[in-house]
Amino acid sequence: MPTVSILITTYNRSKLLKRAIDSVLAQSFQDFELVVIDDHSTDDTPELMATLTDPRIRYIRRPENLGSKYGD
């Protein structure tokens with residue numbers, strides 16, 4: 001088990017998502033897992049995630065968009 005779990009939630013932000021993931025991977029601390037939770041994006045998020053091969057990255061794609069409980 002990794003020492004730290006990092007969660008990134010996303011919806012149609014593939015350009016920003018790549019930047020966020022690169023930032024996590026560039027850290028000096030390496031004992032982590034990165035879990036990306038996609039709220040059923042309609043952009044190229046699934047394709048982006050398919051290109052990432054780092055075994056510390058786990059991708060979870062919701063089967064439907066649930067949106068924010070705050071309506072935004």
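Helices (H or I, at least four residues) and strands (E, at least two) are DSSP runs, numbered from the N terminus. The structure described here with these terms is a predicted model, in which local features need pLDDT of at least 70 and side-chain atom pairs count only at pLDDT 80 or more, while totals for chains, interfaces and linings use all residues. Residues are numbered from 1 along each chain as its sequence is written, and side-chain values use heavy atoms, with hydrogens and water left out.

The account begins with the sheet. Three strands form an open sheet in the order β1-β2-β3, and the pairing is parallel; two strands count as paired if DSSP finds at least two bridges between them. The edge strands are β1 and β3 (57–61), each of which pairs on one side only. On average, neighbouring strands of this sheet are turned by 20° against each other, direction ignored. Such angles run from 0 to 180 degrees between N-to-C directions, and the axes are lines fitted to C-alpha atoms, for helices over the stretch in contact. In general, strands of a sheet pair through backbone hydrogen bonds, either parallel or antiparallel.

The two pairings can now be taken in turn. Seven bridges join strand β1 (residues 4–10) to strand β2 (residues 32–38) in the parallel sense. Threonine 10, for example, has aspartate 38 in β2 as its bridge partner. Between these two strands the chain passes through helix α1 (residues 14–25), and this β-α-β crossover is right-handed. A crossover is called right-handed if, with the strands pointing away from the viewer, the path from the first strand over the helix to the second runs clockwise.

Strands β2 and β3 also run parallel, joined by five bridges. Valine 35 has arginine 58 in β3 as its bridge partner, and isoleucine 37 is partnered in β3 by isoleucine 60. Helix α1 packs on the sheet and touches β1, β2 and β3, its direction making about 170° with that of β2; contact here means heavy atoms within 4.5 Å. A right-handed β-α-β unit is also made by β2, α2 and β3.

Accessibility is described in three classes: buried means under 20% relative accessible area, exposed over 50%, and partly exposed in between (1.4 Å probe, protein chains only). Because six of the seven residues of β2 are buried, this strand is largely enclosed by the rest of the structure.

Asparagine 12, in the loop between β1 and α1, has a positive phi of about 55° although it is not a glycine. Asparagine 12 is partly exposed, at 23% relative accessibility. Histidine 40, in the loop between β2 and α2 (45–50), likewise is not a glycine, yet has a positive phi of about 60°. The relative accessible area of histidine 40 is 25%, so this residue counts as partly exposed.

The last topic is charge pairing. Side chains of opposite charge can pair when their charged atoms come close. The structure holds four salt bridges, each defined as a side-chain nitrogen of Lys or Arg within 4 Å of a carboxyl oxygen of Asp or Glu. One of them joins the side chains of lysine 18 and aspartate 22 (2.8 Å, N to O). Both residues lie in helix α1, four residues apart, about one turn of the helix. Lysine 18 is partly exposed, with a relative accessible area of 32%, and aspartate 22 is partly exposed at 34%.

Another salt bridge brings together the side chains of arginine 58 and glutamate 33 (3.8 Å, N to O). Arginine 58 lies in strand β3 and glutamate 33 in strand β2, so the pair ties together parts that are 25 residues apart in sequence. Arginine 58 is partly exposed, with a relative accessible area of 44%, whereas glutamate 33 is buried at 19%. A further salt bridge links the side chains of arginine 56 and aspartate 54 (2.6 Å, N to O); arginine 56 is partly exposed, with a relative accessible area of 22%.
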